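Subject: Structure handover

Hello,

Here is the structure I promised to pass on to you. My notes follow below it, so please have it open as you read.

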Amino acid sequence: MPSNKYYLRRLFVLLFLAFSFQVKAQESSPLTLWYKQPAADVWTDALPIGNGKLGAMVYGNVENELIQLNEHTVWSGGPNRNDNPDALAALPEIRRLIFEGKQKEAEELAAKTIQSKKSHGQKFQPVGDLNIAFEGHSIFTDYRRELDLAKAISKVSYTVDGVTYTREAIASFADNVIAVHFTASKPGMISFTASMSTPQPNAIIEQRPENELTISGITTDHEGVKGQVKFKSLTKINNKGGVLTSSDNSLIVKDADEATVYVSIATNFNNYLDLSGDENARAEANMDEASTKSFEDLLKANLIEYQKYFNRVTLDLGETEASKLPTDERLKSFRTENDPQLVTLYYQYGRYLLISSSQPGGQPANLQGIWNKEMSPPWDSKYTININAQMNYWPAEKTNLAELHEPFLKMVTEMAEAGEETARVMYGARGWMAHHNTDIWRITGPVDAIFWGIWSGGGAWTSQHLWEHFQYSGDMEYLKSIYPILKGAAMFYVDFLVEHPDKPWLVVNPGTSPENAPAAHEGSSLDAGTTMDNQLVFDAFSAVIQASEMLGNDQSFADSLRAMRDQLPPMQIGKHGQLQEWLDDIDDPNDHHRHISHLYGLFPSNQISPLRTPELYSASKNTLIQRGDVSTGWSMGWKVNWWARMLDGNHAYKLIQNQLSPVGSNRGGGGSYNNLFDAHPPFQIDGNFGCTSGITEMLVQSANGEIHLLPALPDVWQDGSITGIRAKGGFEVVELKWEGGKIEKVVIKSAIGGNLRVRVPNSLGLPNGDKPMNAKGENPNPFYQVPVTADPIVSPEADIIPVDLSDMKLYDIKTVAGEVVTLVAGE
């Protein structure tokens, strides 16, 4: 029979293990943003949490905590249209003026007849603030504020009079509430006063008898559109020990052991045409369900829902002593210190932000994701669809977050519905179209001054996201469902393209290269046949042609698109060796404009490649050099992707260094705020997503008829690994490990079968010693068809930069659905 010492020893071991598990559970992961000081009143120092429907910014202030709150459907206005029917009658005259070189006159006429006379878009707005006051906590020590990306939890800890206080906050994916938990190292020490405030002018804050606080309101009118979104916020506290009372619209906790604040927010929004929901019942239902659960139970359920997305991808670029410093200090020194783990942190932060701001059934991530404290935020925090909204979703497919693409794809289907009337009323065209901006009401008419608003490529570009979603999954039923939308985007151009009077081409007129204007046009942005317009039409037509082939229907329409595609202007290389932005060779090599829209063909499209189109590669490189590196944050994010596609990892890394610099340190804009939000400035979230996409493109690409591994590896990342990256055709790079810049091992899973063509920097073999087959000819995998880019027209004055391609290997491996292919380094 065991002795008492045996039982005591066993009990000690069990207690030790339990304590160790608890400590481990509370430890922060290496993927943590952390700081030694509160955010005070600086919004871009606060830390974001979100669940795709609710967003919160946690300031971490000790004595007066502030948690700013958003809900994804709280927008000004209501259902509306902003088309200008005067456009159709004026269109012939506008076209004539542009063809005659009178762009400024054309712009003046377009401002009167095409520019919207109604709403220029509604505003994404905040709900309010949760304010929590801790009397007697003005003097504190051992302060730490953090956001753990691996667990989606914000945490604050500090010490007052020998007691350590801890706050934890989550935006629950499982229960759709914001929950904030308060604990202390000694019992009975939790005392605070919670209140709500709101900047909404049409809202009322009330205190319920059952110790709840409410905000009830309706959003504001804007530009003649009546505010119609009704919202309800509920705040409730569950305390363990102590006393909970209420007074003067405040909830007061005294001497509790711990307490949890629950916030539920809902609106009457059903969809962009329907506001018949019951915001009160929705908010009550979420609160009734969530408030019966302990914070620990909420946390467990939230972790499961969150990590099913986040844990799909890992990245390891190495670690140095710099990774032990607070995040703001690392940001200041990143340009001069070797800190590869900060890149990993920033990369995963982008994925965290997308998970937190875009969930199935919710609204797409807008210009600020789901976080905004202003009633009138910059650019209304809308969806700018001439680059910014698309950039938000560049990481979705490749970084294994395909489900989170759904809100954006849903928005495109709704824009296609709304955009049919815009195409018909304004341009006399079939199909659908959208201009350069939209909002929660899915407006598709021109927004802002005609200089920006006349751009007509919103339908062509956003519909490519539907096509891309299919290309990654290979789901034929999904392709059938989206084919009418793809066809509608192409059909618009069938009717909108016109013959150029002096050149043998079909062109978009009026057109523009987003937000830029050549000096030769007296500051007018209008033109015919701009390079980006041509590239967008090429892609819109090509997607329908390929979809028609794969579905085996609509061949006559596809044939008509082929004929029209052949009449589009080819890309042109100008006298400065640049890729021409305009139909005429009028680019200024000293133009450093943030938009380089004519490189859409390089990325996100694949019309330009150093491997397939060396002259256009040269022209793109010259254009990038002439435009320069430093620009707004989102522009630098796009440039990371471009330089990755140029196979220049060192230059791409230079852009990452610029991006990971404190805001204000780059002459010309860009950089990051202390919470690693992207700085235009001001804050725009697109740069975060763009850079995450660009880092992926440096390591794995699947755009050139093949999967290209380590295509743009910088010298500073000689050793590393990445897991979980998706590629087109249903492939997943389950594991990629490299040492000394060479691949040691790669594991690729094929979900749907088909030929796996892979380009690598060094020889690889199968684990059994066999060699994979060297690739020849076109890739037979239909998901890797690349439409042929027409030969460019090259100015005799242009200098062409030769492509310097290192020795690479190209293999073909036949796969069946579910097969896993492993390749290892070999002779």
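In what order do the strands of the open sheet of 7 strands run? The order is β2-β3-β4-β5-β10-β15-β14, and the pairing is antiparallel. Before going further, please keep in mind that this is a predicted model, in which local features need pLDDT of at least 70 and side-chain atom pairs count only at pLDDT 80 or more, while totals for chains, interfaces and linings use all residues. Residues are numbered from 1 along each chain as its sequence is written, and side-chain values use heavy atoms, with hydrogens and water left out.

A word on names: helices (H or I, at least four residues) and strands (E, at least two) are DSSP runs numbered from the N terminus, and two strands pair if DSSP finds at least two bridges between them.

β33 runs antiparallel to β35 (residues 809–815), with 2 bridges between them; M773 is partnered with D812 in β35.

On the helical side, α12 (residues 458–473) packs against α14 (residues 531–551) at an angle of about 35 degrees, and their axes are 10 Å apart. Axes are lines fitted to C-alpha atoms, for helices over the stretch in contact, and angles run from 0 to 180 degrees between N-to-C directions. Contact means heavy atoms within 4.5 Å. Among the residues that meet there are W461, W467 and F470 in α12, and L536, D539 and M550 in α14.

Finally, the largest nonpolar core has 225 residues, and L130, F192, Y352, L709, W717 and L736 have the most contacts inside it. Such a core is a set of buried (under 20% relative accessible area, 1.4 Å probe, protein chains only) Ala, Val, Leu, Ile, Met, Phe, Trp, Tyr and Cys residues joined through side-chain atoms within 4.5 Å. Helix α13 (residues 476–496) gives the most to this core, with 12 residues. Leaving aside neighbours within four places in sequence, F192 touches residues including I132, F134, F182 and V261.

Best wishes

Notes
Buried < 20%, exposed > 50% of the residue type's maximum accessible area, 1.4 Å probe, protein only.
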